[in-house]
Amino acid sequence: MILNDYRRKLEQLDFEKLYNNDFLLTWEKTGDELDAVFAVADALRHLRENNVSARIFDSGLGVSIFRDFSTRTRFSFASACNMLGLEVQDLDEGKSQIAHGETVRETANMISFMADVIGIRDDMYIGKGNAYMREVSEAVQQGNKDGILEQRPTLVNLQCDIDHPTQTMADMLHIIHYFGGIGNLKRKKLAMTWAYSPSYGKPLSVPQGVIGLMTRMGMEVVLAHPEGYEVMSEVEDIAIKNAKESGGKFMKTNSMAEAFADADIVYPKSWAPFLAMKKRTELYEENDFDGIKALEKELLTQNANHKDWECTEELMRTTKDGKALYLHCLPADISGVSCKEGEVEASVFDRYRILLYKEASFKPYIIAAMMFLSKVKNPQDLLANLGKRGQPRIQV
Amino acid sequence: MILNDYRRKLEQLDFEKLYNNDFLLTWEKTGDELDAVFAVADALRHLRENNVSARIFDSGLGVSIFRDFSTRTRFSFASACNMLGLEVQDLDEGKSQIAHGETVRETANMISFMADVIGIRDDMYIGKGNAYMREVSEAVQQGNKDGILEQRPTLVNLQCDIDHPTQTMADMLHIIHYFGGIGNLKRKKLAMTWAYSPSYGKPLSVPQGVIGLMTRMGMEVVLAHPEGYEVMSEVEDIAIKNAKESGGKFMKTNSMAEAFADADIVYPKSWAPFLAMKKRTELYEENDFDGIKALEKELLTQNANHKDWECTEELMRTTKDGKALYLHCLPADISGVSCKEGEVEASVFDRYRILLYKEASFKPYIIAAMMFLSKVKNPQDLLANLGKRGQPRIQV
Amino acid sequence: MILNDYRRKLEQLDFEKLYNNDFLLTWEKTGDELDAVFAVADALRHLRENNVSARIFDSGLGVSIFRDFSTRTRFSFASACNMLGLEVQDLDEGKSQIAHGETVRETANMISFMADVIGIRDDMYIGKGNAYMREVSEAVQQGNKDGILEQRPTLVNLQCDIDHPTQTMADMLHIIHYFGGIGNLKRKKLAMTWAYSPSYGKPLSVPQGVIGLMTRMGMEVVLAHPEGYEVMSEVEDIAIKNAKESGGKFMKTNSMAEAFADADIVYPKSWAPFLAMKKRTELYEENDFDGIKALEKELLTQNANHKDWECTEELMRTTKDGKALYLHCLPADISGVSCKEGEVEASVFDRYRILLYKEASFKPYIIAAMMFLSKVKNPQDLLANLGKRGQPRIQV
């Protein structure tokens with residue numbers, strides 16, 4: 001039984017701090033803890049492929065709070081909840097408001113009487129999204145201690161202003177499978193590069209999350225972007241530290257060509273300048289809508305100067321054997337398809353389509369694994385028991 | 001045990017092609033396949049009436065995509081999913097946009113990682129709705145082959161520009177029960193007739209679906225409408241062919257009175273002219289909103305000329321023994337109740353109210369049966385096992 | 001086994017009329033019936049605290065109809081449904097329309113083919129909300145008799161123009177636990193008092209529900225409000241009758257200070273004048289939007305005259321030992337926090353925060369208990385069986 005492999009792997013890892021805990025930033029987790037998430041994600045996928053139910057909840061709610069529009073992550077969260085037996089209940093708060101202390105504490109408790117998990121996406125405002133998640137977490141932990149909530153709902157960060165852990169962990173699991181194991185990632189070159197998109201103003205959580213996670217596996221991670229498109233410097237510091245500890249490298253450049261040269265993996269994607277996003281947040285707090293308009297105009301002008309940052313066939317040919325693994329969190333802005341000029345040439349995207357969809361397919365399992373490890377004290381035994389029980393997911 | 005009757009019935013039918021397949025148009029299915037849907041629908045209803053669970057999914061998603069407003073079909077789909085153990089997850093795409101190739105392929109995969117069934121309603125644009133369903137189906141079949149999706153989500157057409165199979169199959173099951181069996185339908189006269197409604201512009205899927213399905217049972221189907229209210233000619237061709245094969249008849253007339261005369265069943269309902277709807281679709285594609293406005297004005301004028309197309313007591317008296325079975329997909333435009341002048345006189349509607357609600361009550365079971373037959377390899381055995389297992393739906 | 005205590009309690013009560021019935025107004029229920037709801041709510045909470053599943057539905061729908069915005073009650077209903085095994089399906093009808101007979105009857109049946117419970121919030125229009133619930137109830141009872149619906153969906157009033165039974169029953173269960181049993185409530189003084197809020201126009205269901213319920217336990221209930229803020233006189237009559245029968249008192253005053261003096265429990269909360277709300281309903285029916293605007297202006301002016309109706313520290317000191325139990329249905333308008341001047345001083349609210357959240361935490365269990373008792377013939381045995389079965393809610 002292949003489930004015994006996952007059991008053996010888990011038995012070698014120290015991950016007890018995941019139990020009854022949140023998953024907010026990958027760099028708050030140890031290497032063992034991340035490995036445990038990958039192992040459980042693979043085990044859950046294995047169960048599903050063999051029509052074995054992974055339902056561990058007889059009832060219970062997974063509450064989702066999306067403070068930005070989402071289809072992919074919403075369905076991934078719903079899939080993960082459903083797989084484990086939780087029913088999704090959406091809190092529809094209106095998209096754009098910035099939440100305040102009092103309301104957060106109260107609402108967090110009011111929606112959590114029977115919530116086992118809370119998934120939050122809040123990526124619009126610098127300094128706000130991750131902070132909001134921590135407020136919610138503290139509120140429900142206190143509510144649990146005070147006897148208001150029978151259980152402690154644990155949080156999963158479905159994208160914040162700093163990190164996008166369910167995305168990057170899914171990306172990483174994809175890479176691990178593609179290259180045949182974590183061990184094979186040492187010294188692989190990964191280019192996390194900015195790319196042009198007409199829809200400027202995209203969140204920074206993916207590039208930040210990628211340099212914060214991928215530097216932990218001994219890879220050589222290059223962050224490339226035009227001048228002015230810097231990401232959060234705190235996350236760069238984490239990348240530097242990670243690289244040192246893992247025996248990898250973290251480099252920066254303002255040249256897409258340099259980043260692509262001989263790369264094993266490329267991740268070309270648009271994002272907004274961190275400082276501009278920070279300024280936008282401040283303008284929102286001051287309700288300065290003229291200021292926001294002016295800023296957006298400025299950003300569009302700046303953005304239009306960099307249409308040459310496109311993942312072309314020509315650039316792809318410069319990668320390792322011309323065959324770097326192309327990554328994207330989707331949807332991509334495909335030149336001539338979803339927009340006139342975009343992040344990637346259509347023929348490049350087409351060649352990698354199946355791989356891109358596979359990359360995305362890991363997300364529900366990553367989320368389910370995060371939940372599983374936060375709810376189950378002895379996951380190695382329970383996984384084995386689920387396999388033994390062999391309850392069919394669908395009777396056929 | 002009455003479930004053995006359904007088993008015996010199913011054992012006589014050849015319906016293996018329903019397995020792992022979509023249900024898009026009734027005329028793509030054989031008579032045996034339709035009979036299997038009716039038999040399973042009845043069996044599932046029998047289970048529920050006896051408080052026996054028909055849950056075959058331990059977990060799994062039923063994704064619904066409604067590209068037009070819906071209450072009845074939405075609840076019928078949700079009920080069917082719930083009965084079998086699937087949780088509904090809505091994809092809210094915005095109502096009026098016409099989807100494109102790239103997006104369809106990607107979105108279809110992104111929402112389907114754990115989807116067993118996808119139900120789609122897309123009836124607004126001629127040439128688009130059914131085509132969209134086929135695009136989604138191809139995308140997820142390919143996704144399954146490529147190892148992106150662990151299972152193949154099968155599609156159920158919840159109403160398109162061509163057919164409304166869950167509606168007409170429910171109508172048909174109602175007729176079968178009303179007249180005491182399929183065998184009794186031979187030579188029964190069914191009048192599918194246009195009727196006036198102030199809300200012009202209703203979809204053509206019901207009249208088309210009715211003439212495409214009801215002509216298969218040896219009935220004499222009359223399609224009646226004012227000049228200019230023609231339906232899709234391809235579906236008329238199918239009706240002609242069906243009637244020939246089943247020993248029935250398919251006739252057309254521009255007289256409501258002629259259609260009603262001596263009819264056993266009447267189905268008076270408003271719809272929009274096919275050619276006008278086709279033109280409207282083209283105008284939408286060209287973003288010609290002035291053209292659309294002009295067209296709508298023209299249609300309203302044309303519509304107002306036919307207020308005499310009403311299902312009155314007087315007309316009902318001309319049907320077989322004055323007692324034809326009155327059908328409607330609901331909601332009906334009832335004269336003096338939901339509008340000043342409408343499809344049907346209030347007293348006629350009132351007399352048939354209970355029967356109309358019963359007609360509608362078959363839809364959840366028809367949808368559940370379509371899903372059941374697309375997911376279960378040996379439905380005759382599984383139904384028997386569900387009966388034997390006798391898991392109570394509710395513990396009392 | 002503590003569940004035996006609940007069993008013994010239930011065996012002493014006569015509550016068979018709750019079976020297969022709606023829960024619309026507390027004063028339609030006997031004392032035994034209310035006690036049964038409290039006992040089952042406590043038992044269900046006990047099960048959950050011990051990780052024992054209370055799932056009695058293998059499948060089934062809980063339909064929710066919210067004709068006013070809601071977060072708390074929505075999540076409480078969803079939690080209760082989920083706990084018992086029902087999946088929530090929302091009917092989104094648009095918030096503000098007043099429903100009519102024909103549509104109600106039809107829609108009620110169309111959404112109920114597989115609905116076990118229907119929860120409705122409709123509190124906006126005087127004379128409408130509760131009446132609407134009764135229309136829905138009659139429609140589905142008839143539908144069940146006519147063979148359209150396999151089961152009778154039972155209704156839970158999630159707030160109407162008259163009563164808010166799930167709120168006040170939760171409030172009451174909180175009081176019972178706080179004071180150590182129903183027996184200890186005799187002669188306790190409860191002050192249900194109006195309080196100022198900038199958002200004038202709040203529903204009357206809470207004060208009405210409170211005086212209609214709390215007068216049944218032998219308490220001394222004082223209703224206090226400024227002149228002109230009268231509640232529905234029919235409910236006052238019920239409070240008078242209740243107080244007489246229970247050996248308690250029902251008093252009225254226009255002085256907040258008088259109400260607070262020596263009170264054991266205070267419930268300061270804003271509401272709109274009954275007569276004004278009645279007039280507003282009439283204006284809506286006449287589509288007299290100028291009239292509505294004029295009325296709102298008038299109400300705002302009237303409202304602003306009573307900013308001194310605030311639950312202050314000073315007032316709290318006048319209550320029994322300065323320690324009355326402070327109640328609120330939440331969210332409260334907290335002075336200097338959620339608004340400049342509001343219902344309650346921030347320091348008072350803060351001191352009672354945990355207790356307020358606990359008060360709210362009873363609501364999902366109260367709703368679940370109402371459903372349980374309407375669906376289960378012998379709840380005492382079933383609760384014992386659930387305990388014996390010991391199916392874990394989550395496998396850990």
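These legends cover close-up views of a predicted model. Local features need pLDDT of at least 70 and side-chain atom pairs count only at pLDDT 80 or more, while totals for chains, interfaces and linings use all residues. Residues are numbered from 1 along each chain as its sequence is written, and chains are lettered from A and ligands numbered from 1 in the order in which they are written.

**View 1. The contact between chain B and chain C.** Chain B contributes 29 residues and chain C contributes 26 residues (contact: C-beta atoms, placed from the backbone, within 7 Å). On the side of chain B that touches chain C, two or more residues come from each of helix H2 (31-49), helix H3 (72-84) and helix H14 (353-361) of chain B (helices, H or I, at least four residues, and strands, E, at least two, are DSSP runs numbered from the N terminus). H3(B) supplies the largest share of this side, 6 residues.

**View 2. Residue classes on the side of chain B that touches chain C.** This side has 13 nonpolar, 9 polar and 7 charged residues (nonpolar: Ala, Val, Leu, Ile, Met, Phe, Trp, Tyr, Cys and Pro; charged: Asp, Glu, Lys and Arg; polar: the others, Gly among them).

**View 3. The two domains of chain A.** Domain 1 spans 3-163 + 363-389 and domain 2 spans 167-360, with bounds from an automatic or database domain assignment. Their C-alpha centres lie 26 Å apart.

**View 4. The contact between domain 1 and domain 2 of chain A.** Here 20 residues of domain 1 meet 23 residues of domain 2. The elements of chain A that give two or more residues to the domain 1 side are helix H2 (31-49), strand E4 (154-160) and helix H15 (363-375). H2(A) gives the most, with 4 residues. By class, the domain 1 side has 10 nonpolar, 4 polar and 6 charged residues.

Conventions: Two residues are in contact if their C-beta atoms, placed from the backbone, lie within 7 Å.
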